[in-house]
Amino acid sequence: MNLNTLTAISPVDGRYRNKVEELAGFFSEYALIKYRVQVEVEYFIALCELPLPQLAGVDASVFPKLRAIYQNFSEADATAIKEIEKTTNHDVKAVEYFLKEQWDKLGLTSSKEFIHFGLTSQDINNTAIPASLKAAMESVVMPLLSQVMDKIEEQAVSWKEIPMLARTHGQPASPTRVGKEWMVFHERLLQQKQLLEAIPHVAKFGGATGNFNAHVVAYPDFDWIAFGNKFTEQYLGLRRSHPTTQIEHYDMLAAMFDALKRINVILLDFSRDVWQYVSMNYLKQRVIANEVGSSAMPHKVNPIDFENAEGNLGIANALFEHMSSKLPISRLQRDLTDSTVLRNVGMPLSHMLISLHSLLKGLGKIEINEEAIKDDLEENWAVVAEAIQTVLRREAYPQPYEALKGLTRKQEKITEATIKQFIQTLEVSDTIKQELLAITPFNYTGLSSH
């Protein structure tokens, strides 16, 4: 079978391709090759601007033409590099040979041996991958996360005055407000998003074992550490790790994956709560014409968007967990296990992206069912017992907790009438009785309006 969205093994490239195709420009094989080309080109330009003596004659007017190689990089270019790789059996070396051909076309044959000068393949991979990750996070992932957060906040504001029965341990508890419960998730996400954004995108750049050995032996009078710092920061927009082995130690990348994992846990928690509110009829789902909720039961409108989000968030976190615990570990100065793992960075982000799209869709379909929420509060007058016993404590009433415990743990149902009748039996002033009678499940919500 030919590869397409129907024959793809992974649903990321199959069923959900339309939700994640933006990430192909950052995490596909084509994208990895393109970013490698970018690093090699920018490195050559940086050497010219240093300048190395042998490159002092390269005119700066050629730099835009060099940058056009990666700016206009095509699938045909990537295919050409893959053809070269069939001979070299080395992906980064294939990029170097491809660029040497481009240098010949631009009349730079005499300087082409300074492509990849003094570098190892990891100087390219450990800059290309964080550069692509940074671009993907800034242009795709974070904006979509912000959209979901904005939608949660919008609903929190719209529903901030709606009282709702809370449930702790699954049991009726002191009332809250719908908007406040939504705002809890928004605030949690906001804090974790800020922590995530504080994590720098770092790169390894320092030659075969991180010491600029080849650079120093060829040009001992240059400050190669300063050069490396400037190159990664000013040419690539990354922060250089130092010292390193042959590879980046990935501690910051692990921190980023752990931060994304915490965000996903919060979103998973939110998805399950929304699912529960739908099952309790607190939330209704807007019916979409021609959509089928169940193949057998025509009346059903299932909360599939939140279920889809939950499932994909779980897959994303399983991959993030493996990557954050595996990548920082490498035998001695390096082994190759990081390379195969890094090729999958786009997978957890894809599953996260699918989840964010599903949450955005699901949130756009839910509506508050105030009548059901009101009915549930009416059915649970016992929750004002906390309020009554607290006021009685203030008034030094003898054993107020025990008095309310005796009332609320009887077999008969506690109703508004039951509560009011109990209040009338209390040996307190009429003023205190009126204060107690004013407490209802609908107004006993504290400072929950955000």
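**Labels and their rules**

Guide: Lys261 and Asp258 join their side chains in a salt bridge, 3.8 Å from N to O. This is a predicted model, where local features need pLDDT of at least 70, side-chain atom pairs count only at pLDDT 80 or more, and totals for chains, interfaces and linings use all residues. Residues are numbered from 1 along each chain as its sequence is written, and side-chain values use heavy atoms, with hydrogens and water left out.

Visitor: Why is the contact of Lys261 and Asp258 called a salt bridge?

Guide: The rule asks for a side-chain nitrogen of Lys or Arg within 4 Å of a carboxyl oxygen of Asp or Glu. Lys261 and Asp258 are at 3.8 Å, so the contact qualifies. By this rule the count comes to 30 salt bridges.

Visitor: What makes Asp258 partly exposed?

Guide: Buried means under 20% relative accessible area, exposed over 50%, and partly exposed in between (1.4 Å probe, protein chains only). Asp258 has 25%, so Asp258 is partly exposed.

Visitor: What is the label for Glu96, buried or exposed?

Guide: Glu96 has a relative accessible area of 5%, so Glu96 is buried. Its salt-bridge partner is Lys100, with the closest N and O atoms 3.1 Å apart. Lys100, at 11%, is buried too.

Visitor: How do you know that Arg177 is buried?

Guide: Arg177 has 14% relative accessibility, which means that Arg177 counts as buried. Arg177 forms a salt bridge with Glu161 (3.3 Å, N to O). Glu161, at 48%, is partly exposed.
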